[in-house]
Amino acid sequence: MRILTVDDSSTIRTIIGKTLGELGFAIEQAEDGEQGLAKLATGPVDLILLDVTMPVMDGPTMLEKLRASGDKTPVIMLTSESKRSIMVGAIKLGVSDYILKPFKGDELRTKVLKALHLDEATFARAAAPVVAPAPVAIAAPSGDTLDILVIDDMENVHKKLRTLLPEVVSMKGCANARDAIQACRDASYRVIVIDLVIPDVNSVTLMNQLRELQPQAVMTALALRSATDAATDAKTRGFDDCICKPFDAALVEQWRIKYFARAAA
Amino acid sequence: MVAAASTAEKLVGELGRIVLGRISAGRLVLPVMPAVAQSCLAILQDPNFQQKKFTATLEREPLLSASVLRSAMSAANANANVKTLDQAVSALGMQKLKSQLVEFMTRELFKSTDSRIQSATKKVWEHSVAVATLAREIAAMTSGANSDTCYLAGLLHDVGKPILAAMLLDAERKLGKAKSGWLDIAVWTSTIESGHRKVGVALATEWKLPDEVTSGISDCSEYDSENRISAANIVRFANALAKREGFTTTTVDPADIDALIMIGRSMLGIDDDVIAKVVAGLAERVAQAA
Amino acid sequence: MTPDTKLVAEVERLVLARVAAGRVAVPAINLVALRCLDVLRERDFDHRRLIAEIEREPMIAALIIRTANAAVYGGNSVTKLDQAVFRLGALRLEVVILEHAARKVFEAKGPFAETNRRIWDHSVAVARLARDLASFVGRRDADSYYLAGLLHDIGKPVVASLLLETQRKVAPGIASWLDITTFERVIGNLHHQAAKLVAKAWKLPDAIMVGRESSYDIADRRSLANVVRMTNAMAKFEGFTTGTVDRAELEITIAGGSTIVGIDPEVVAKIAAGLKEKPIE
């Protein structure tokens, strides 16, 4: 992927080149808006980092000309200028984000990846060499049966579990008991995962309620890894199985293949 | 419309002169301010503070006394044994008492018995509580900012508005214009919008509040890039966030709000995901506190 | 290096015997500070008596005046002790005096000076994080959280000194009879017992002497104990620690705390990230 940095400071261009170059991006440089447009005329880029105050042609002018020509390349303003009037104009022309100088490398990396719709995991996969996936035999889900329902008040938990499951395994997340009950009325699930510590919810009571609605589902407790003997405790309370968070990828995979078709060796 | 606008400009200028003059001469009588609260503040600001006199005065305002006692009891650790108002005053100290007083007085300032402005000042109060709540939480996440100071700065950033509103009502009554509605609501609003900051700053100075609180009132329009993590910047950011979440008293330009939020995120080092977490449930927190 | 469990058990037995027999040199708190705390904890304390006590110790008096003049308080600057005392109030004064006393314990010179300094830095980091978390959730007793964080490791220098003394008696002439891992293990296991002795000598309220709990309290989610447990792990994760740490274990503790205390993990990470940007004073 190619990024164009437009800034009259060679130091800034060097810092950006180094920080983003380490992530594997190809960096083009321009000293002002005019040079920036000239670079873009030779070929498109995936993202532009644009300073505001520059000689010859400033950032807002370059942005205006860019958008007037129909170019919708994402732009991040990277500037020491903090006047809102300048940003209002830029937002109306369409910018993805803003970085105030001086800036930290972390902020630059995070905002660049976000503007390019890459998160750390996706970016790592994108950068990794492509390997043909092993063939997997997966039982096709029925029309109105979903694979996993996860009930946890923290959406991060849903997101994390999603990243650890193969894409063919369908998953829905609910953050509270009311939504979980509704979900169980709307569809069938093979496995229901219930956090043991949801504020103002008795997880065992919820499990029993959901079992009424989904008698076929495997009820899995989601316990904290620090809890002693979580698995036995969960079984005692009436759950069929138990997994722990923070998630361990290998353990999640072991748990997953118990209920969904095993991957071919 | 042009005539009304120029009337409004003249009115702002004249009102500003009157109000600021009264403040500097110590003659600003805030029409809705309980006398007890004002007396307590005066005692607190006396270099020869007398605790017994303060407690005796405070006792005359039951709501405020209860609030001080509750605050001391929740702040005390197990050994502090706070049971009476005098013990609460000893435990909290002048600075915390002053914060409580200021909060109480600010809340009173936002009450109005006039039906025309009641709903408007109620909205300004809810907006202020939203800004204060967000400012406190953002301060807790940023190194170098004091949560309590930011809370107070947020609560007070629009305090000039109800004062100006009350002064306009007063002017109407004195001019015998109460029935005619001589100022339409748009002019009323723009008069207050353009004049309230000076009044707020003057009040904060009069109350001898920390500089950080005063700077949070003085200007909410541009960030201070020299002092990135400051109460003033945090209040500016919280103000924009609160407006985006619907806690607003006037129509807003979405691009303007987005610009303030975009700049503020970088200024304070807070990303979108964290902001989403902070604003989640804001309406509930504001309803509880307001 | 895995500590020899038999050696650890034997050393702990020796140390606990000293503790049980009351033969432990508990760090002395400045007598004036102790008297000031006594006065502050009286239900209807006499300000004049308090001021008279403070005046006996110029360092404490100066510290209180300096604290009262911090920008956060606003107002005219304070030059007299009575003005400073009234401005701060009993709750804040207790924090100021105890922090001063605790710092003295960790600043003591000796063979553990460097380790003690790092424990102090860690304690202040925990105190700040605990206060910030309490403020974030709108608690008015943020000072109590600060104190609890500050004092949660107060027993460690006591055990370290005790070990050194025990070594002199049991293995005189040997440069170091315990390897560092065993040393740390014993301190880790016994410092809460030592903290009880300090708490008794300094008359510290039980409520703030937390840190010995091995799991979160679900009944009182935002308790001092829960917050200190979580912020202890956060501080170590951010590098405010005295030895090697198991980062995976810390992550588990922090994640658990996020759930129990009810603060989103991303917000927790943000609060922790600000810690290194402000130097420990």
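Modeller: Chain B has 14 helices and zero strands, where helices (H or I, at least four residues) and strands (E, at least two) are DSSP runs numbered from the N terminus. This is a predicted model, in which local features need pLDDT of at least 70, side-chain atom pairs count only at pLDDT 80 or more, and totals for chains, interfaces and linings use all residues. Residues are numbered from 1 along each chain as its sequence is written, and chains are lettered from A and ligands numbered from 1 in the order in which they are written.

Biologist: What makes B:Ile18 count as partly exposed?

Modeller: A residue is buried if 20 or more other C-beta atoms, placed from the backbone, lie within 10 Å of its own, exposed if 12 or fewer, and partly exposed in between. B:Ile18 has 13 C-beta neighbours inside 10 Å, so the residue counts as partly exposed. B:Ile18 is found in helix 1 (residues 2-24) of chain B.

Biologist: How much of chain B is buried?

Modeller: Of the 290 residues in chain B, 48% are buried.

Biologist: How do you know that the buried residues of helix 2 of chain B are on the same side?

Modeller: The buried residues of helix 2 (residues 35-45) of chain B are B:Ala37, B:Cys40 and B:Leu41. They cover an arc of only 100° around the axis, which puts them on the same side of the helix; the arc is that of the directions from the helix axis to the C-beta atoms. On the other side of helix 2 of chain B, B:Ala35 and B:Ala42 are exposed. The cover over the buried residues of helix 2 includes helix 3 (51-58), helix 4 and helix 5 of chain B.

Biologist: Which residues have the most contacts inside the largest nonpolar core?

Modeller: They are B:Ala135, B:Ile138, B:Ile234 and C:Ala130, in a core of 236 residues. Such a core is a set of buried Ala, Val, Leu, Ile, Met, Phe, Trp, Tyr and Cys residues joined through C-beta atoms within 7 Å. Helix 5 (residues 81-107) of chain C gives the most to this core, with 15 residues. Leaving out residues up to four places away in sequence, B:Ala135 touches, among others, B:Cys150, B:Tyr151 and B:Ile234.

Biologist: What is in contact between chain B and chain C?

Modeller: Contact requires C-beta atoms, placed from the backbone, to lie within 7 Å. By that rule, 41 residues of chain B are in contact with 37 residues of chain C. Helix 5 of chain B supplies the largest share of the chain B side, nine residues. That side divides into 17 nonpolar, 15 polar and nine charged residues. Here Ala, Val, Leu, Ile, Met, Phe, Trp, Tyr, Cys and Pro count as nonpolar, Asp, Glu, Lys and Arg as charged, and the others, Gly among them, as polar.

Biologist: Why are strand 2 and strand 5 of chain A called edge strands?

Modeller: Chain A has an open sheet of five strands in the order 2-1-3-4-5, with parallel pairing. Strand 2 (26-30) and strand 5 (97-100) each pair on one side only, where two strands pair if DSSP finds at least two bridges between them. Strand 1 (residues 2-6) and strand 3 (residues 47-50) of chain A, which run parallel, are joined by four bridges. In that pair, A:Ile3 stands opposite A:Leu47.

Note on methods
Two residues are in contact if their C-beta atoms, placed from the backbone, lie within 7 Å.
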